[in-house]
Amino acid sequence: MIFLRISSKSEKKIEAIAELLLKEKLAMDLNIKRNIERLELVGEKVISSYITLITCKTKGLLFPYIDKRLNELYKDNLPEIYSLPIVHMDWEQAEKLTNEVKPA
């Protein structure tokens with residue numbers, strides 16, 4: 001199991017991705033966090049911008065499929081996507097994730 005993070009400066013894009021993940025049963029327990037300040041160093045200057053972020057749980061085997069789907073839909077402006085492994089999880093919640101998320 002993984003904790004998936006997808007971010008973009010486009011709130012509409014993130015909302016569409018959240019809908020896709022739920023309708024295609026690719027993830028569960030989605031959270032959308034809006035107006036997150038992101039700081040980046042560009043040259044010698046710190047630049048501030050705002051992003052919208054999806055966090056959710058899914059099966060690790062689904063990451064390549066989710067990444068491929070997003071590349072198909074947003075080839076020219078792919079949102080940032082990465083995952084973190086879930087090392088420990090309540091057994092009942094893990095079983096729910098296994099049953100509710102599409103098999104890989």
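## Basis

Residues are numbered from 1 along each chain as its sequence is written, and side-chain values use heavy atoms, with hydrogens and water left out. Because the model is predicted, local features need pLDDT of at least 70 and side-chain atom pairs count only at pLDDT 80 or more, while totals for chains, interfaces and linings use all residues.

## Overall fold

The protein has 3 helices and 4 strands, taken as DSSP runs numbered from the N terminus (helices: H or I, at least four residues; strands: E, at least two). Along the sequence the pattern is β-α-β-β-α-β-α. Along the principal axes, the C-alpha atoms fill a box of roughly 45 × 30 × 20 Å.

Of the 104 residues, 33% are buried (buried is under 20% relative accessible area, exposed over 50%, partly exposed in between; 1.4 Å probe, protein chains only). Among contacts with a separation of 6 or more, 69% are between residues 24 or more positions apart, where contact means heavy atoms within 4.5 Å. The protein exposes about 7,000 Å², with 52% supplied by carbon and sulfur atoms; accessible areas come from the Shrake-Rupley method with a 1.4 Å probe, and for residues only the protein chains shown count as cover.

## Nonpolar core

The largest nonpolar core has 19 residues, and those with the most contacts inside it are Ile 6, Ile 17, Leu 21, Ile 54, Ile 66 and Leu 70. Such a core is a set of buried Ala, Val, Leu, Ile, Met, Phe, Trp, Tyr and Cys residues joined through side-chain atoms within 4.5 Å. Strand 1 (2-8), helix 1 (11-23), strand 3 (45-58) and helix 2 (63-73) each give two or more residues to this core. Helix 1 provides the largest share, 5 residues.

Leaving aside residues up to four places away in sequence, Ile 17 touches Ile 6, Ile 54, Leu 70, Tyr 74 and Pro 79.

## Surface patch

Leu 39, Leu 41 and Val 46 form a nonpolar surface patch with about 330 Å² of accessible area together. Patch residues have over 30% relative accessible area and no salt bridge; like charges are joined within 9 Å and nonpolar side chains (Val, Leu, Ile, Met, Phe, Trp, Tyr) within 5 Å. A salt bridge is a side-chain nitrogen of Lys or Arg within 4 Å of a carboxyl oxygen of Asp or Glu.

Leu 41 lies in strand 2 (residues 28-42) and is exposed, at 61% relative accessible area.

## Positive phi angles

Lys 25, not a glycine, has a positive phi of about 55°; Lys 25 is in the loop between helix 1 and strand 2. Asp 29, also not a glycine, has a positive phi of about 55°. Asp 29 is in strand 2 and is partly exposed, with a relative accessible area of 41%.
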